[in-house]
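This report describes one protein model for a reader who is new to structural analysis. Please examine the sequence and the structure before reading on.

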Amino acid sequence: EALAAALRAQYAVALVDVRGAVGARFVRDPATISADAFHPSAHGYALIADVLAPALVTALRNRARRVSS
């Protein structure tokens, strides 16, 4: 957590714990993995996108505020 805080402060980035949010679902639900058994399926990517979207929206709003100030 200290590294994450340092990165956020230094680079103004948002770090999202995708593994913590959806990792267990990938283990339980074979529909989240593609036929190559390595990459996410369309369903798996959708789950990841749902986790990333709020952070992305927040980052874009913050950027727009900085640019317009």
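## Basis of the report

Helices (H or I, at least four residues) and strands (E, at least two) are DSSP runs, numbered from the N terminus. The model is predicted, so local features need pLDDT of at least 70 and side-chain atom pairs count only at pLDDT 80 or more, while totals for chains, interfaces and linings use all residues. Residues are numbered from 1 along each chain as its sequence is written, and side-chain values use heavy atoms, with hydrogens and water left out.

## The two loops

Ser 41 is placed in the loop between helix 2 and helix 3. With a relative accessible area of 13%, Ser 41 is buried (buried means under 20% relative accessible area, exposed over 50%, and partly exposed in between, with a 1.4 Å probe and protein chains only). Not counting residues up to four places away in sequence, Ser 41 touches Ala 31, Thr 32, Ile 33 and Ser 34; contact means heavy atoms within 4.5 Å.

Val 13 is in the loop between helix 1 (2-11) and helix 2 (18-28). Its relative accessibility is 35%, so Val 13 counts as partly exposed.

## The nonpolar core

The largest nonpolar core has five residues in all: Val 22, Phe 26, Leu 47, Ile 48 and Val 51. Helix 2 and helix 3 each supply at least two residues of this core, and helix 3 gives the most, with three residues. Such a core is a set of buried Ala, Val, Leu, Ile, Met, Phe, Trp, Tyr and Cys residues joined through side-chain atoms within 4.5 Å. In soluble globular proteins, nonpolar side chains tend to be buried together.

Leaving aside neighbours within four places in sequence, Ile 48 is in contact with Val 18, Val 22, Phe 26 and Pro 40.

## The salt bridge

The side chains of Arg 25 and Asp 29 meet in a salt bridge, at 3.9 Å from N to O. The term denotes a side-chain nitrogen of Lys or Arg within 4 Å of a carboxyl oxygen of Asp or Glu, and by this rule the count comes to one. Arg 25 is partly exposed, with a relative accessible area of 34%.

## Threonine 58

Thr 58 is found in helix 3 (residues 42-68). This residue counts as partly exposed because its relative accessibility is 44%. A polar atom of the Thr 58 side chain lies 3.0 Å from the backbone oxygen of Pro 54. Although Thr 58 and Ala 14 are 44 residues apart along the chain, their C-alpha atoms are separated by 8.9 Å.

Conventions
A polar contact is a pair of N or O atoms within 3.5 Å; within protein, one must be able to donate a hydrogen and the other to accept it, and residues adjacent in sequence count only if both atoms are side-chain atoms.
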